[in-house]
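Student: Please take one part of this structure and go through it closely. Then connect it to the rest, and give the cut-offs of the terms as you use them.

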Amino acid sequence: MIVLGIETSCDETAASVIDSERHILSNIVLSQLEEHKAFGGVVPEIAARAHLDHLDHVIEAAMQDSGLTFKDLDGIAATCGPGLIGGVMVGMMAGKAIAAAHDLPFVAVNHLEAHALTPRLSDNVPFPYLLLLISGGHTQILVAEDVGEYRLWGTTIDDALGECFDKSAKLMGLPYPGGPHLEKAAKTCLDPQAAQDRFSLPRPLYRKPDCDFSFSGLKTAVRRQVEQLPEGLLQKSDIAALACAFENTVTDILTDRCKNAIDRFLKEYGKKTNSPALVVSGGVAANQAIRAGLKNLTKQHNMSFIAPPIELCSDNGAMVAWAGIELLQKNMTDTLDVAAKPRWPLDRISKN
Ligand code: KG4
Ligand code: ZN
């Protein structure tokens with residue numbers, strides 16, 4: 001089975017062709033970094049227009065790279081939510097048009113489900129698995145029981161983790177997009193322990209029961225710390241130390257929340273799987289310090305730790321095409337009148 005996947009829910013215009021044997025035949029991702037840089041964040045109207053300008057060429061390049069034509073495909077999958085509605089509509093309408101023109105089934109993909117299923121594309125992880133989804137818009141702990149079957153165990157009560165990275169990076173004077181730049185700055189810190197001692201940052205909900213998150217207090221504390229730095233141009237070494245302390249604090253919070261989730265997962269699902277796994281997905285899962293912290297945690301609980309390759313963590317078309325394949329294999333296709341959804345929770349993945 002071969003599927004074209006289209007992703008336009010945020011600031012990446014992406015298309016990819018993959019097959020059910022997990023071969024990525026093409027994977028084109030066009031980032032709109034330049035378009036949004038001047039504004040320090042994604043501007044929805046600009047994003048929608050940029051998708052409109054570029055999507056045709058991105059799809060054309062994905063088809064060309066795959067060496068296939070539309071006639072060779074078994075279906076078209078497009079992200080239909082959640083996300084910035086203007087962009088979602090551009091990708092969804094393009095997908096529907098190709099499906100109609102070539103008489104192919106259309107699959108409306110939930111962007112969060114595409115992130116959630118990525119480890120099955122990269123590592124063929126069996127259900128059920130514990131999933132930490134950390135992206136620009138979402139921070140959730142879920143159990144993936146099957147395609148279309150998710151149990152939400154924890155979510156953020158305020159900011160998403162990616163948003164916290166991006167806003168904190170901006171406060172530190174780092175360029176957009178903040179997450180990767182903050183990680184780069186943290187790597188230049190010469191003494192992580194001294195950095196941690198110097199900048200004491202809060203760990204909201206730390207050691208509390210359950211698996212929820214809170215990050216707005218952390219962002220506010222970063223603002224306070226930046227304001228207390230010596231006046232004038234921010235020193236690179238100060239920013240490196242603050243970024244490092246921030247990254248370590250976030251890793252501590254995530255491992256604390258995931259520890260509760262692992263205890264519960266092993267209790268409730270331990271007998272249903274021979275190979276319990278914690279899977280991390282979403283753009284923030286590219287972060288090496290977070291990966292290392294979570295890997296260490298899983299080792300202590302005899303669980304495997306699965307993180308997709310970095311290029312499959314941030315938004316891309318391959319994850320949408322793969323979700324399309326999994327849904328198509330279960331005959332979970334959609335009619336061409338399916339609507340775009342700005343909100344579409346993963347634990348109530350009803351198609352209505
Ligand atoms: O999944 P994604 O590409 O888009 C959404 O669905 O939101 O995630 C984007 C988020 C951004 O907040 C970005 O700063 C963050 O992922 N991110 C990172 C890193 N790479 C991307 N955060 C921390 N460290 C990174 N290396
Ligand atoms: Zn995403």
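**A close look at one strand**

Tutor: Strand β5 (residues 106–110) is largely enclosed by the rest of the structure, because five of its five residues are buried. Buried means under 20% relative accessible area, exposed over 50% and partly exposed in between, with a 1.4 Å probe and protein chains only. Strands (E, at least two residues) and helices (H or I, at least four) are DSSP runs, numbered from the N terminus. This is a predicted model, in which local features need pLDDT of at least 70 and side-chain atom pairs count only at pLDDT 80 or more, while totals for chains, interfaces and linings use all residues; side-chain values use heavy atoms, with hydrogens and water left out. Residues are numbered from 1 along each chain as its sequence is written, and chains are lettered from A and ligands numbered from 1 in the order in which they are written.

In a regular strand the side chains alternate between the two faces of the sheet. In β5, F106, A108 and N110 are buried on one side, and V107 and V109 are buried on the other. β5 pairs in the parallel sense with strand β4 (residues 75–81) over five bridges; pairing requires at least two DSSP bridges between the strands. Opposite V107 stands A77. Between β4 and β5 the chain passes through helix α3 (residues 85–101), and this β-α-β crossover is right-handed: with the strands pointing away from the viewer, the path from the first strand over the helix to the second runs clockwise.

H115 belongs to helix α4 (residues 111–123), whereas D315 is in the loop between α11 (310–313) and α12 (317–329), 200 residues away. Both H115 and D315 are buried.

The whole structure holds five aromatic pairs, counted when the rings of Phe, Tyr and Trp (its six-membered ring) have centres within 6.5 Å, with planes under 30 degrees apart stacked, over 60 edge-to-face and the rest tilted. F127 and Y129 are stacked, 5.6 Å centre to centre with 10° between the planes, and both are buried.
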